[in-house]
Amino acid sequence: MSGMSPLTLLHTSDWHLGHELNGHPREEEHRHFLDWLHAVIGEHGVDALVVTGDIYDVANPPVSAMARLYGFLHRLCAAYPALDIVILGGNHDSAMRIDLPGALLGTGRVHFAGAMPRTNGPRTDGAPDPEKTLIPLTNSDGAIAAWLAAVPFCRPVDLGRESLETLYAAVQDAGLARAGDLPLVVTGHLHVAGGAVSEMSERRIVVGGEEAQAPTLFDARAAYVALGHLHRAQAITGPTTIRYAGSPFPLSMAERDYRHSVALVRLAAGEPETPPSCTVELLPIPRPVVFHSLGPLPLDAAVAAIGALDLDADLPPAQWPFIEVSVAVTGPEPLLHQKVLAALADRPLRLVRLRRHFVAQGDQLETGAEPVDLDDLDPAAVFARLYADQHEGEAPPEDLAQAFARLMIDTQTTQKPR
Ligand SMILES: [Mn+2]
């Protein structure tokens, strides 16, 4: 294998095409990101692009989001005819919708893996088929220089009677056997323990009743594990190089301080006595839209702070900064919304969230009930609390908790959230 050119892979994730922030479209940010990505692929001589799930924000995305993906892939294929492209399904995606264009494109350089492939073809009762996840990746010489095991987000129905551990073990064994001295890349869209979870925009995934998988799910002999689902770009400590690429820009206010990037992964074949190697370089993604967070401040101070923000009045509305305003209140403040909206009305800003931050005064503390924002509540925690209230403080039994978790997955993957 000596003398073979290495393979340059670009790992990105969680695009959430079609996403809206409090009703404000993210079209401009997606356009900006994909134009940047197109240029980066050329500048760095990328051989393979891997997108690890949550391509779309919802299972039934707007046509504009699908047109953006297809248009982008078309432009990539035209500009870089040798580029291998792998698009994986995430928990936000409809597996069928991700797989569908594959029927039109056939077996070319663009690979769609929406659902885990089955022995009898897609969407059958057949068992998961590890061999069908394997995709060859070619370097600048046109030679196969690495293999990729394309595992998408796995729903309980994808696993059948297998556990996720069994599935990954089978896929990695098949991949390592196929790859030989060449590097093997393994993918996933799931929550692996050790990753930092943003509080708002990553819906909980529960597979087989477990909230997070151990990094030992991955084989030490895999050269690189490309993960999606967590929106913060991060490495996971484990048996090999494991990374979340993270989303291209903040998908909620909680993510505004993340350093968004894509991972440029260079993979070299092994020599006798030396395993394949992998180095990672992070390329920071420029952010076209600014995020402001004000408060908690008393109402008058919040209104004054909105007026005092230094803003560019010439920006087109699609690039106006997003803002979150938190107002400190001690009791009912009936004009709060009206006054904040009036302060925002003549400013080039887009309101994402207006929160009341209750400040207890004197004996008000004694009621003990902390007001909460509905958005901050975790459905499973509310379910557990309700169950405890009605069952003398007991936690819900495991089968009931799992049934609730499945129900959450079903509703979250079939409905557009608001
Ligand atoms: Mn996800």
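**Entry 1: overall**

I counted 9 helices and 17 strands in the chain; helices are DSSP runs of H or I with at least four residues, strands are runs of E with at least two, and both are numbered from the N terminus. The model is predicted, so local features need pLDDT of at least 70 and side-chain atom pairs count only at pLDDT 80 or more, while totals for chains, interfaces and linings use all residues. Residues are numbered from 1 along each chain as its sequence is written, and side-chain values use heavy atoms, with hydrogens and water left out. I looked up burial: 49% of the 418 residues count as buried (under 20% relative accessible area, 1.4 Å probe, protein chains only).

**Entry 2: manganese site**

I listed the protein donors of the manganese ion: Asp54 (OD), Asn91 (OD1), His189 (NE2) and His229 (ND1), at 2.1 to 2.4 Å. Donors are N, O and S atoms within 2.8 Å of the metal (3.2 Å for Na, K and Ca); water is not among the atoms, so sites may look incomplete. Asn91 sits in the loop between β5 (84-88) and α3 (95-105), and His229 in the loop between β10 (224-228) and β11 (234-236), so this pair ties together parts 138 residues apart in sequence. I found Asn91 buried at 4% relative accessibility and His229 buried at 3%.

**Entry 3: a sheet**

I traced an open sheet of 3 strands, in the order β15-β16-β17, with parallel pairing (two strands pair if DSSP finds at least two bridges between them). β15 (291-298) and β17 (350-358) are the edge strands, each pairing on one side only. Between β15 and β16 (residues 322-329) I noted 6 bridges. Leu294 stands opposite Val325 in β16.

Note on methods. Buried < 20%, exposed > 50% of the residue type's maximum accessible area, 1.4 Å probe, protein only.
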